[in-house]
Amino acid sequence: QVQLVESGGGLVQPGGSLRLSCAASGSIVGINAMGWYRQAPAMQRELVAAITSGGSTNYADSVKGRFTISRDNAKKTVYLQMNSLKPEDTAVYYCNAGLLLGSWSREYNYWGQGTQVTVSA
């Protein structure tokens with residue numbers, strides 16, 4: 001079964017740090033872009049950060065300089081290092097990836113189950 005499994009969320013005080021991980025598993029030929037999105041209550045899901053297979057990155061303006069996305073292609077894993085966390089970073093964080101499956105290496109868009117990040121004193 002092909003899936004993305006996230007870990008690393010939790011409760012942290014303002015100014016603290018968390019590291020999220022997302023591992024892809026199953027019969028995967030390859031992985032294109034990977035990214036992190038978040039959704040706060042009553043808000044639309046928004047892109048936080050993304051990274052291409054070649055390592056190029058882009059970030060939402062609200063997290064630039066505080067968050068860092070990285071990936072380990074051998075482990076089929078993407079990470080999000082979050083520093084200087086603020087209460088407004090509180091949300092459910094979702095991993096997203098373009099997974100190449102099957103003998104034709106067709107790309108399919110997958111989402112993780114989400115992990116809660118709460119920033120509060």
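## Aromatic pair

Two rings of Phe, Tyr or Trp, the last taken by its six-membered ring, form a pair if their centres lie within 6.5 Å, and planes over 60 degrees apart count as edge-to-face. The model shown here is predicted, and the structure holds one aromatic pair. The ring centres of Tyr 37 and Trp 111 are 5.0 Å apart and the planes stand at 65°, so this pair is edge-to-face.

Tyr 37 belongs to strand E4 (residues 30–39) and Trp 111 to strand E10 (residues 106–111), so the pair ties together parts that are 74 residues apart in sequence. Tyr 37 is partly exposed, at a relative accessible area of 23%. Trp 111 is also partly exposed, and its relative accessibility is 36%.

Strands of a sheet pair through backbone hydrogen bonds, either parallel or antiparallel. Here an open sheet of four strands runs in the order E1-E3-E8-E7, and the pairing is antiparallel. Strand E1 (3–7) and strand E7 (67–72) are the edge strands, each pairing on one side only. From one strand to the next, the twist averages 15°.

E1 and strand E3 (residues 18–25) are joined by five bridges in the antiparallel sense. Within E3, Ala 23 is the bridge partner of Val 5, and Cys 22 stands opposite Glu 6. In a regular strand the side chains alternate between the two faces of the sheet. The covered face of E1 has Leu 4 and Glu 6, while Gln 3, Val 5 and Ser 7 are on the uncovered face.

## Nonpolar core

The largest nonpolar core has 30 residues, and those that touch the most other members are Trp 36, Leu 80, Met 82, Tyr 93 and Leu 99. Elements that give two or more residues to this core include E3, E4, strand E5 (46–51), strand E8 (77–82) and strand E11 (115–119). Strand E9 (91–101) is another of them, and E9 gives the most, with six residues.

Which residues is Leu 99 in contact with, leaving aside its neighbours within four places in sequence? They are Val 2, Leu 4, Ala 24, Ile 28, Gly 30, Ile 31, Arg 106, Glu 107, Tyr 108 and Tyr 110.

Notes: Residues numbered from 1 in each chain as written. Predicted model: local features only at pLDDT ≥ 70, side-chain atom pairs only at ≥ 80, totals over all residues. Heavy atoms only, no water. Phe/Tyr/Trp six-rings, centres within 6.5 Å; stacked < 30°, edge-to-face > 60°. Buried < 20%, exposed > 50% of the residue type's maximum accessible area, 1.4 Å probe, protein only. Pairing = 2+ DSSP bridges. Axes fitted to C-alpha atoms, helices over the stretch in contact; angles between N-to-C directions. Core = buried A, V, L, I, M, F, W, Y, C linked by side-chain atoms within 4.5 Å. Contact = heavy atoms within 4.5 Å.
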